[in-house]
Each structure stands twice: as C-alpha cells, then as structure tokens.
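Please look over the structure below before reading on.

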Amino acid sequence: MLNKSRKPTETPIYKKIIVGAGTQIANYIIILFISISIGALVIFLSGMDPLAAYLALIKGAFGNWIKTADTLDRSTVMILAGIAGTLAFRTNVINLGLEGQLYIGAFAAALVGFSITGLSKAVHIPLCLMAGMLGGAIWTLPVIYMKLRWNITELVTTLMMNYIAIRFTEYLIAFPFKDPTARLAGSPVLEASARLPKLIQGSTLNIGFIIAIATAIFIFWFLFKSKTGYEMRMVGLNKDFAAASGIPVNRSYSLAMMMSGAIVGLGGAIMITGFFGRFLGSFSSGYGWDGMMIALLAQNHPLGVIPASFFYGALANGALAMQSATGVPQTVVVMVKGTVVFFVTVTVFVRFIRRRLTKWVT
C-alpha cells in the first residue's frame with residue numbers, strides 16, 4: 001500500500017504577523033542598543049560621562065510637556081521628508097533632491113504668504129501649503145524631462161538641483177524679495193492669516209504635525225490600496241516585468257518623482273508658515289538628507305516613517321541640551337544616527353532573529 005503524501009500545512013497568518021513584527025522590533029532594539037553603546041564609548045574615551053550626556057539629551061527632548069511638543073514639531077518636517085523619500089524609493093526612483101525641493105516649496109509658500117493680503121486663515125493657509133507642494137513638484141520637472149528624453153539618471157540631476165535651488169532662493173531673498181528691515185537676508189514677514197495655528201501654547205507645535213500624520217496615512221493607503229500605487233510598487237520591484245505587464249512605467253516614474261517633490265515641498269511650507277514666519281537662507285539643517293535616512297530606517301514603509309522621525313526629532317532636539325549641559329558635541333548624535341542607518345541597511349541581525357522567532361512560534 002502506497003503512503004499518501006501530506007501537503008505541508010500553511011503557517012497561520014497570525015504567526016506570520018508575530019514573526020514579521022517581532023523581527024523588526026527586536027532588530028531595531030538591538031541596533032539602537034549598539035548605536036547608543038558606540039556613542040557612549042566615544043563619549044567615555046573623550047573623558048566625559050556618557051550617562052550624564054544621554055540623560056541631558058533625553059531631558060532636552062522630553063523634559064516636560066513643552067519640550068515634548070517641540071520634539072514632535074521638530075519631527076513634522078522629518079515625517080514629510082521621510083514619506084517623500086519612501087514614495088520615491090518604492091518606485092525605484094533615487095530622489096536625492098529632497099533638500100532642494102524643500103527650499104523651493106518653502107519659498108513658494110512664503111511668497112504666497114507675504115504677497116497676498118486680505119484673506120482669511122481658512123483660505124490663506126491652504127493656498128500657502130498648496131504653493132509649497134506645487135513648488136516642490138515643479139522643481140522635479142527638469143529631472144523628469146532629462147530622464148525621459150535622454151535617459152540621464154536622476155541620481156546626478158536631483159543632486160545637482162539641490163545646489164541650484166539653495167543658491168537661487170538665496171539670491172531671491174538677497175535682492176528682489178529682500179526685507180530691508182531685516183538684519184539678515186530674508187523675505188518679508190508673512191501675513192498673520194498665513195500662519196499655522198498652534199496646538200499647544202508656549203510650544204512651536206502646530207497643526208502641521210496633524211497634516212504630516214494624515215499624509216503618512218494617506219500615502220500608506222495610496223501605495224497599498226490603490227491601483228496607481230500598486231503600479232508604482234510593481235515598477236519599483238521590476239521595471240521590465242511591469243512594462244511587459246502593460247504598466248505605464250514612465251507615468252509611474254514621473255508621478256513618483258512629482259509626488260515626492262510635492263510632499264517634501266509641503267514640509268518646507270509648514271516650516272515657514274508654522275515656525276519661521278518668513279523665508280530665511282539656510283533655514284534647513286539638512287532635513288531633506290534626513291528624510292532619505294528616515295526612509296531607509298523605516299524600510300520604505302509610510303507608517304514606519306512616523307516612529308523613525310520621532311527618533312530623529314528627539315536626537316535633534318536633545319542634542320543642543322546635551323552639548324550645553326555636558327559639553328558633549330552634537331556630532332556624537334550624528335554618529336549615533338549614522339550607526340543606526342548603517343546597521344539597518346546591512347540587515348545584520350534580521351535573518352538570525354527571523355529564524356529564531358520562526359522556530360519559537362512554530
């Protein structure tokens with residue numbers, strides 16, 4: 001009598017979720033521990049107290065409700081920059097121009113904010129934000145054209161467009177749009193009707209934070225629940241297969257680049273209308289570059305960008321307090337961020353953790 005072969009039983013979905021989520025959580029905990037330990041070792045070898053330095057950093061980021069709110073505000077633009085990077089990378093678009101698109105979006109929002117008068121907040125604020133999105137999207141058009149017309153890689157063109165955007169906006173606020181009453185080069189002050197309302201008085205946190213969270217949720221729905229988002233993800237996975245399947249590759253590429261620019265441009269608009277109140281040269285401390293690192297840290301997941309941005313925001317907000325309280329330079333924080341991204345990208349621990357969790361669950 002022949003033995004009947006049995007089909008292998010499929011792993012239940014809840015076990016797959018446990019393994020997947022548990023792997024990511026454990027991986028990040030290990031990476032965070034290693035990164036903090038490396039930073040502590042550097043601080044110790046410099047003759048300073050690592051514990052005091054990290055306590056000062058935490059206190060500077062979360063010492064009270066106001067500091068916590070300021071940390072959330074600091075993470076707002078990081079969320080939007082991270083989503084912009086995620087959307088591009090998901091479509092296999094290497095958008096290194098987030099910083100330049102941030103500048104153009106910020107200036108476009110400022111231009112609408114100070115040049116148009118007599119509007120209510122309900123009209124003026126959306127106009128500023130839409131101008132920021134439009135500015136960021138328009139700045140990607142030369143990149144798209146050169147890619148589709150001459151197949152020039154966006155790796156180079158987006159990088160070069162950063163410097164053009166920064167210098168161009170510096171020229172605009174130094175000459176044609178300079179506020180003569182300002183000590184430093186800057187645009188005129190925005191109208192009160194263009195300023196974002198605060199969420200917590202005494203803090204810089206404003207409704208831009210809610211907009212950023214809503215954008216992350218929308219992009220998650222767009223990528224994973226809509227037909228266009230599915231096409232963009234397929235192009236990102238395998239462009240040739242997507243083209244053979246009838247998916248419009250060029251349209252997906254163009255849409256991903258423009259949406260990426262629009263989202264980071266929105267981040268620039270929120271910074272100007274919610275915090276600075278005018279456009280200033282060098283207003284960004286590298287938020288566009290942080291957005292790319294946050295996208296990598298979140299493994300190109302729109303919702304994963306939110307906690308990754310909180311982490312980056314806490315480090316950025318607490319670094320100054322750490323330096324003033326203990327004398328530890330802010331470059332230690334940069335090193336910790338770089339170490340985290342390094343271990344995330346090389347995925348050193350993922351396979352080991354997944355194998356162990358799979359054995360434990362099954």
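Is Tyr163 buried, partly exposed or exposed? With a relative accessible area of 45%, Tyr163 is partly exposed, where buried means under 20% relative accessible area, exposed means over 50% and partly exposed lies in between, for a 1.4 Å probe and protein chains only. The model is a predicted one, in which local features need pLDDT of at least 70 and side-chain atom pairs count only at pLDDT 80 or more, while totals for chains, interfaces and linings use all residues. Residues are numbered from 1 along each chain as its sequence is written, and side-chain values use heavy atoms, with hydrogens and water left out.

Tyr163 is found in helix α7, residues 154–174, a helix being a DSSP run of H or I with at least four residues, numbered from the N terminus. Together with Ile94, Leu155, Val156 and Met160, Tyr163 makes a nonpolar surface patch of about 440 Å²; such patches consist of residues with over 30% relative accessible area and no salt bridge, nonpolar side chains (Val, Leu, Ile, Met, Phe, Trp, Tyr) being joined within 5 Å and like charges within 9 Å.

**Aromatic rings**

The whole structure holds 15 aromatic pairs, counted where ring centres of Phe, Tyr or Trp (its six-membered ring) lie within 6.5 Å, with planes under 30 degrees apart called stacked, over 60 edge-to-face and the rest tilted. One of them joins Phe107 and Phe177 edge-to-face, at 5.6 Å centre to centre and 65 degrees between the planes. This pair links distant parts of the chain, since Phe107 lies in helix α4 (residues 98–115) and Phe177 in the loop between α7 and α8, 70 residues apart. Phe107 is buried, at 8% relative accessible area, whereas Phe177 is partly exposed at 28%. Both belong to one aromatic cluster, whose members include Tyr103, Phe114 and Phe283.

**Charged pairs**

There are five salt bridges in the structure, each a side-chain nitrogen of Lys or Arg within 4 Å of a carboxyl oxygen of Asp or Glu; among them are these.

| Salt bridge | N to O distance |
|---|---|
| Glu170 and Arg167 | 3.0 Å |
| Glu231 and Arg251 | 2.7 Å |
| Lys337 and Asp290 | 3.9 Å |

Glu170 and Arg167 are separated by about one helical turn, because they stand three residues apart in helix α7. Glu231 forms its salt bridge with Arg251, and as Glu231 lies in helix α9 and Arg251 in helix α11, the pair ties together parts that are 20 residues apart in sequence. Glu231 counts as buried, at 9% relative accessibility, while Arg251, at 47%, counts as partly exposed. Lys337 and Asp290 are both buried.

Terms used: Accessible areas come from the Shrake-Rupley method with a 1.4 Å probe; for residues, only the protein chains shown count as cover. Helices (H or I, at least four residues) and strands (E, at least two) are DSSP runs, numbered from the N terminus.
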